[in-house]
Structure formats: structure tokens, C-alpha cells
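Trainee: I am new to this structure, and I would like to learn how to read it. Could you walk me through it?

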Amino acid sequence: MAAEAGSGGGANTPLGVLGGTFDPIHLGHLRLAEEAREALALAGVRLIPAGQPPHRGTPHSTAEDRLAMARLATAANPALTVDDGEVRSAQKSYTVLTLQRLRAELGAQRPLVLILGADAFAGLPAWHRWEALFELAHIAVANRPGYAPHGRRWPATLSPALDAACRGRHSADPADLRTAPAGRIVPFDMTPLAISASLIRDLVKNGHSVRYLLPDPVLDYIAAHRLYR
Ligand code: ATP
């Protein structure tokens, strides 16, 4: 198995891409990456913290803090790497631009797999140039409590535009991800974890423990930097 998520595993081994605000990174994100890697036989997963997320308000912690927490959370797992491209960019963090950057870096043939929770997937039509995403990467969709239950993976309702864009792209077989660089949609099941960054921020703000919802080094970072108070 690849040691570096960006280059290992052979030219045809799909590489996972997990973007997010990671404000803060938590075990839901980490299990999503790890279970996608295993279920879809990915070379690894690149976690890409957003610099300026376009679809939501200003994050509660700085891009540098969110990047540092993502690095701490993944330090012990060589299959998960952190990409600082969006944080370092002066542009808004549009996924389409990030995938274009990865394409330029990794070549036109490398299968890329954009990993999304069911909530993010259902919201796709609000993303900048979202239909171009299908030309740049495969999309893997995981269940998320409150949005799509385990065994269903798929959001209960999809906008007609998204439904139409998905037609003919479904695949139940992860092996299909190796046969093209982009364009398939593969649902997969992960351990249902009702953890969200907003839940963690609320708990910290109200003086409650968040231990065991995120890795201990991230917990220590939040305490040391007095984040989310
Ligand atoms: P917030 O609560 O601040 O909205 P979040 O916990 O949803 O944050 P994001 O950084 O917005 O975290 O999510 C990045 C990606 O991870 C999205 O695709 C989202 O669907 C997915 N994700 C986050 N938490 C989970 C979870 N518990 N289960 C499955 N997917 C998740």
C-alpha cells in the first residue's frame, strides 16, 4: 500500500480527496477517509482544508489552526496526507479549482475520487461549476446520520438537476474506479457517527468535554489555543 497518498500505489490506483472546513477535524472526518480508503481500495486520501469556504460563513478558527489540527490528526497514518493548497491560495476554495490543480499535478489519467458525506453530496448543485466535477473526479458518497442512514447511503431527496447529472454514472463496484480517471458515482457505507464540527464547537463553548470525539492531539491543541470558547 502506498506510503504517500499523492504518489504511491501505481499510476492507476485511485487517490481519495476529502475537502472540508475541518473546524475542527474530528473522528467523523477521519473514519470517512479511512473507511473510503479501505472500501474503495484507494492509494490514500488527501485531506484539503478550505482556506475561504465559499458556501458558509467565516470559520470559527483560522486557516492555520485548522491546518495544524488536520496535520496533528493524521500524523500517525501515512495513508492520510494533508494538502495546504487551498489554505495557501488567495482564491476562494472552490473544489473545481482544487481538482484542476490535482489534475495538473497527477496527470489526466490518475483516477481521483472526491469523497463526500451524504449532506455535502445533496448540496452539490450549490457549488461553483459543480457539473465540471464529474469530468475531473469520481464521487464517493457515504451515509451520514441525519442525512442518509447506514445501508441507504444516498440522501432521501436529490434536486432534479443533481438526479439528472447522476444518471448513468452509478456504480456498485469499486473496481470501476480504476477503469477511468473520473465520472463514476460510488456510494459506500461507513460506520455511522453522529459527530459534527458544529456539535464540537457548541460543546467547547458551553464548557463540556469533547474527549473521544476527536483525536487527543487535536483536543490538546484546542485547549492550548483556547479555540471555540
Ligand atoms: P460543520 O458541523 O461545521 O458543518 P462538519 O462536521 O459537517 O462541519 P465539514 O468540514 O463541513 O464538517 O465536512 C467535510 C466533509 O466531511 C463533508 O463531505 C461532510 O459530509 C463529511 N463529514 C463530516 N462529518 C461526517 C460524519 N460524521 N459522517 C460522514 N461524513 C461526514
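**Pockets, cavities and packing**

Mentor: Gladly! The largest pocket has a volume of about 1000 Å³. Its lining has 45 residues, and those closest to the pocket centre are Gly19, Gly20, Arg56, Asp119 and Ala120. Please keep in mind that this model is predicted.

Trainee: Which helices and strands each supply at least two residues of the lining of the largest pocket?

Mentor: Strand 1 (15-20) and strand 4 (112-117) do, and so do helix 1 (27-39), helix 4 (95-106), helix 5 (118-122) and helix 8 (197-205). Sorted by class, the pocket lining holds 23 nonpolar, 16 polar and six charged residues.

Trainee: How many cavities of 30 Å³ or more does the structure hold?

Mentor: First, the general idea: empty space shows up when a probe the size of a water molecule is rolled over the atoms. Here there is one cavity of 30 Å³ or more, and the largest cavity has a volume of about 30 Å³. Its lining consists of His55, Tyr94, Thr95, Val96, Trp127 and His128. By class, that cavity lining has three nonpolar residues, three polar ones and no charged ones.

Trainee: Now to the helices. At what angle do helix 2 and helix 9 pack?

Mentor: In general, the angle between the axes and the distance between the axes describe two packed helices. In this model, helix 2 (residues 63-74) packs with helix 9 (residues 216-224) at about 150°, and their axes are 8 Å apart. An angle over 145 degrees counts as roughly antiparallel, so helix 2 is roughly antiparallel to helix 9. The crossing of these two helices is right-handed.

Trainee: Which residues of helix 2 and helix 9 meet?

Mentor: From helix 2 come Glu64, Asp65, Ala68, Met69, Leu72 and Ala73, and they meet Pro217, Val218, Tyr221 and Ile222 of helix 9. The residues of this contact divide into eight nonpolar, no polar and two charged.

Trainee: Last, the backbone. Is the peptide bond from Asp23 to Pro24 cis or trans?

Mentor: The bond from Asp23 to Pro24 is cis, with omega near 5°. You can find Pro24 in the loop between strand 1 and helix 1.

Trainee: And where is the place of Phe22?

Mentor: Phe22 is in the loop between strand 1 and helix 1. Look at its backbone too: Phe22 has a positive phi of about 50°, although it is not a glycine.

Definitions and conventions: Residues are numbered from 1 along each chain as its sequence is written. This is a predicted model: local features need pLDDT of at least 70, side-chain atom pairs count only at pLDDT 80 or more; totals for chains, interfaces and linings use all residues. Side-chain values use heavy atoms; hydrogens and water are left out. On a 1 Å grid over the protein atoms alone, a cavity is a set of points where a 1.4 Å probe fits but cannot get out, and a pocket is an open set with protein on both sides within 12 Å along at least five of seven lines; lining residues have an atom within 4 Å of a point. Grid points are joined across faces, edges and corners, and a volume is the space filled by probe spheres set on the points. Helices (H or I, at least four residues) and strands (E, at least two) are DSSP runs, numbered from the N terminus. Ala, Val, Leu, Ile, Met, Phe, Trp, Tyr, Cys and Pro count as nonpolar, Asp, Glu, Lys and Arg as charged, and the others, Gly among them, as polar. Axes are lines fitted to C-alpha atoms, for helices over the stretch in contact, and angles run from 0 to 180 degrees between N-to-C directions. Angles under 35 degrees count as roughly parallel, over 145 as roughly antiparallel, 65 to 115 as roughly perpendicular and the rest as oblique. A crossing is left-handed if the near helix is turned anticlockwise from the far one by less than a right angle, and right-handed if clockwise. Contact means heavy atoms within 4.5 Å.
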